[in-house]
Amino acid sequence: MPTLHDQAHVRRLRLLLSLSLVGVVFTSVVVLIGAWTRLVDAGLGCPDWPGCYGELVVPDVERASLHSPDAPLEAFKAWVEMIHRYLASTLGLLVIGLLLLGVRLRHSPGYPWKTSVALLGVIVLQGAFGAFTVTLKLWPQVVTLHLLGGLSVLVLFLWLHLGLRRFAKGFQAAAAAKRRLTPLWMAAVALLVMQLALGGWVSSNYAGIACQGFPTCNGQWWPAMDWSEGFHLTQTVGPNYLHGQLHADARTAIHHGHRIGALLLGLALLMLALRHWGEVRMRPWLGGLVIAYGVQLGLGIANVLMWLPLWLALLHTAGALSLVLLLALAVWHWREPVTEVEDSTRREKEWVHV
């Protein structure tokens, strides 16, 4: 008969599993709200941080003008920015809650304690990027890092949830002989990270429609481009990057770079799927990756042809999220030892009761 200690252990694990899964969904929402904030030009809706015109909620026009007379209040944009901050702060509290819940289990073999700690570190760093995004007036370098930080939080939440599932099934880290990533896997991961960074760079420099038309760019296969200026990563700060500061040829280079990155990523994902299609357990993840990439490519082209409508730009961000999640899941299952998969099947009945 289970003891009270065993019952408490099971309840704690159930709560950790549920909250970590909530974290995956919630982080996706926060990233999308962040994209919406930028797309409606609300990134500087509040001129200060962490408050808005010195308040915890958006103040009225009179109080806002007393605080920042040079930054007139636009209530809609201020509320959009503050809603993003409230949600991001709630996400931080969720990370702290998961860490506290796992303290008693941190010495248990196989418990993903390091992932929990890493998640806390990244969420703190992400908060700092959020502050710098405002104080450095949407400096593209910081905006791009802020996007990558949000996606890192997403992957860590997913990694924590998968680690907790493994722990709940009784697998121990010491017994888990995970497969190492091959150069092809590492290339796919690196190209996805590069493409996400390029996407953030396109967005933060307002280069989404610098190339008009597809597959050509402004009617040319290789238009005039200023690569050195477009990717000048040590450019000076300020005074304000709302709507961007780069000239047309520099933005065209950024946009073109994103297209080339998409091509390279597509080739890598296709090669990965062909190379490992023989492993039946990998097919759902590899097939999902190829399909998600195709959809994402179509969304990118549609954004160019339709001049970047808000809803389509948000769908493009959602497509990026799906690629991140699917590649993370594919990597996890690739590294999963085959014996553990077989054990997992045998223990499925036990898992249902955890």
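In which handedness of crossing does α5 pass α6? The crossing is right-handed, and the points below start from there. Please keep in mind that this is a predicted model.

1. **Helices α5 and α6.** Helix α5 covers residues 140-168 and helix α6 covers residues 183-204. The two pack with their axes 9 Å apart, at an angle of about 135°. An angle over 145 degrees would be needed for roughly antiparallel, so α5 and α6 are described as oblique to each other.

2. **Who meets whom between α5 and α6.** On the α5 side, the contact is made by Pro 140, Gln 141, Val 143, Thr 144, Leu 147, Leu 148 and Leu 151. Facing them from α6 are Val 193, Leu 196, Ala 197, Gly 200, Trp 201 and Ser 204. Sorted by class, this contact of α5 with α6 holds nine nonpolar residues, four polar ones and no charged ones.

3. **Helices α6 and α10.** Helix α6 also packs with α10, here at an angle of about 160° and with the axes 11 Å apart. That angle makes α6 roughly antiparallel to α10.

4. **Who meets whom between α6 and α10.** From α6, the residues in contact are Trp 185, Ala 188, Val 189, Leu 192 and Leu 196. From α10 come Ala 320, Leu 323, Val 324, Leu 327, Ala 330, Val 331 and Trp 334. By class there are 12 nonpolar residues in the contact of α6 with α10, with no polar and no charged ones. Leu 196 is worth a click: it is listed in the contact with α5 and again in the contact with α10.

5. **Two cis peptide bonds.** One joins Trp 49 and Pro 50, with omega about 5°. Pro 50 sits in the loop between α1 (4-39) and α2 (61-67). Another cis bond joins Phe 214 and Pro 215, where omega is about 10°. Pro 215 belongs to the loop between α6 and α7 (227-230).

6. **Asn 218.** The loop between α6 and α7 also holds Asn 218. Its phi is near 55°, a positive value in a residue other than glycine. Most residues other than glycine have a negative phi. Is Asn 218 buried or partly exposed? With a relative accessibility of 37%, Asn 218 counts as partly exposed.

7. **Leu 308.** Leu 308 is a residue other than glycine with a positive phi, near 60°. You will find Leu 308 in the loop between α9 (283-305) and α10 (310-335). The relative accessible area of Leu 308 is 37%, so this residue is partly exposed.

8. **Phe 132.** Finally, have a look at Phe 132 in helix α4, which runs over residues 113-135. Phe 132 is partly exposed, at 42% relative accessibility. Leaving aside residues up to four places away in sequence, Phe 132 touches Lys 137 and Val 142. How far apart in space are Phe 132 and Cys 52? They are 15 Å apart, C-alpha to C-alpha, while 80 residues separate them in sequence.

Terms used
Residues numbered from 1 in each chain as written. Predicted model: local features only at pLDDT ≥ 70, side-chain atom pairs only at ≥ 80, totals over all residues. Heavy atoms only, no water. Axes fitted to C-alpha atoms, helices over the stretch in contact; angles between N-to-C directions. Helix = DSSP H or I, 4+ residues; strand = E, 2+ residues; numbered from the N terminus. Parallel < 35°, antiparallel > 145°, perpendicular 65-115°, else oblique. Left-handed = near helix turned anticlockwise from the far one by under 90°. Contact = heavy atoms within 4.5 Å. Nonpolar A, V, L, I, M, F, W, Y, C, P; charged D, E, K, R; others polar. Buried < 20%, exposed > 50% of the residue type's maximum accessible area, 1.4 Å probe, protein only.
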